[in-house]
Amino acid sequence: MRVLIAGGGIGGLAAALALLKMGHDVEVYEQATELKEVGAGLQLSPNGTRVAYALGVGDELKALSCEAEGKEIRIWNTGETWKLFDLGKISVERYGFPYFTVYRPDLLVVLERAVRRARPEAIRLASKAVGFTQTGDKVTLDLEGGATAAGDVLVGADGVHSRVRQCLFGADKPQFTGVIAWRGVVPMEKLPQHMVRMVATNWVGPGGHVVHYPLRGAEVMNFVYALERSDWQIESWTARGTNEELTRDVRGWHEDVQTLVRNIPVPYKWALMVRPPMDRWSIGRVTLLGDACHSMLPFLGQGANSAMEDGYVLARALTELKGDVASRLERYENARRERTRRAVEGSADNIHRFHNKALADPVKAREHVNREWAGAPIADRYEWIFHYDATKVEI
């Protein structure tokens with residue numbers, strides 16, 4: 001099939017690579033003049049790295065990433081620490097694949113190179129999707145400036161503000177969560193030795209939480225701080241804040257958090273919005289994937305993983321199934337809808353878990369951590385995520 005993909009982000013490129021490997025003709029239309037991500041980190045759990053290896057880019061990605069040894073929980077002001085779970089070799093033994101912490105631009109460039117190796121002219125830059133029309137036997141993508149492209153399938157991988165989604169289902173109504181997030185990357189050489197560790201750390205506190213983990217072979221540390229504030233409602237990854245404002249927002253937090261904040265060269269902030277899970281992603285020859293149809297808060301670490309899973313399952317549906325395009329897209333959607341709904345809802349639930357008021361009191365804080373992050377609760381929240389296999393799931 002000839003598949004048109006609107007959006008050259010992680011999900012769009014993963015879908016493109018999977019489709020190319022399965023023998024389809026693919027073109028990716030990206031509005032930016034170059035493929036790039038603003039520097040930030042992400043966590044690729046075993047369900048995501050399984051897709052990366054199936055796409056043939058696992059080892060290339062591993063060379064640019066960190067293989068986290070484990071995750072831990074710390075209390076915001078005392079620094080008291082609990083081991084959450086082991087990763088590293090344990091992840092491979094338990095789930096079959098590693099757990100990587102990845103610099104977003106590195107993942108993007110690895111996918112881009114692989115797509116261009118498979119089809120050098122597949123990615124069309126400076127090509128913004130503005131609409132589409134479809135008939136019984138084709139779909140035509142309209143681009144800004146008047147150009148068009150025709151294909152058998154159109155995939156909207158164009159993010160939270162998806163134009164393809166708007167054309168399919170109308171404008172959405174995101175709701176502000178009352179939480180904003182700060183983010184930045186810290187040169188590891190700026191940190192004291194006790195903080196230079198191959199561990200993902202989650203600090204929990206009343207009204208906010210901090211996550212940090214190493215990237216790029218431990219050259220830098222990724223930093224994210226989510227806190228309850230209602231005075232900033234711009235949903236953009238590229239809005240800059242100031243170091244002074246961020247410093248005010250972490251007043252009272254442990255010295256390790258303060259050290260991270262002092263050494264962030266450029267802090268960014270964005271408002272966290274939620275959208276209700278969609279009942280439908282596809283109409284006819286057009287479908288959606290990733291943030292375009294199931295954007296989620298970054299509190300379960302599954303945004304990029306879910307987009308890559310979508311791309312692989314979509315490629316399988318168009319390759320392995322019989323029937324017309326619409327029926328294959330419906331099967332793809334049905335295979336993915338409930339899992340992504342659970343991830344969207346699980347990430348939202350974690351706001352209250354990470355920001356619980358009990359964390360203001362040292363005794364209640366210990367009780368809260370022991371109740372929420374010990375034994376069975378952790379298994380319930382993560383095992384179903386990590387064991388998922390997009391290469392074999394029934395479609």
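On a 1 Å grid over the protein atoms alone, a pocket is an open set of points where a 1.4 Å probe fits, with protein on both sides within 12 Å along at least five of seven lines; its lining residues have an atom within 4 Å of a point. This is a predicted model, where local features need pLDDT of at least 70, side-chain atom pairs count only at pLDDT 80 or more, and totals for linings use all residues. Residues are numbered from 1 along each chain, and side-chain values use heavy atoms, without hydrogens or water.

Start at the second largest pocket. Its lining holds 18 residues. Nearest the centre lie Arg165, Asp172, Arg275, Pro276 and Met278. Two elements give two or more residues each: α6 (163-169) and α9 (291-294). Helices here are DSSP runs of H or I, at least four residues long, numbered from the N terminus. The largest share, four residues, comes from α9.

Now the cysteines. The structure has zero disulfides, a disulfide being a pair of cysteine sulfur atoms within 2.5 Å. Cys167 is partly exposed, at 33% relative accessibility. Cys66 is buried, with 2% relative accessible area. The cut-offs are under 20% for buried, over 50% for exposed and partly exposed in between, using a 1.4 Å probe and protein chains only.

Move on to α12, residues 362-372. Ala365, His368, Val369 and Glu372 are buried there. Down the axis of α12 they fall within an arc of 95°, so they line one face of the helix. That arc is taken over the directions from the helix axis to the C-beta atoms.
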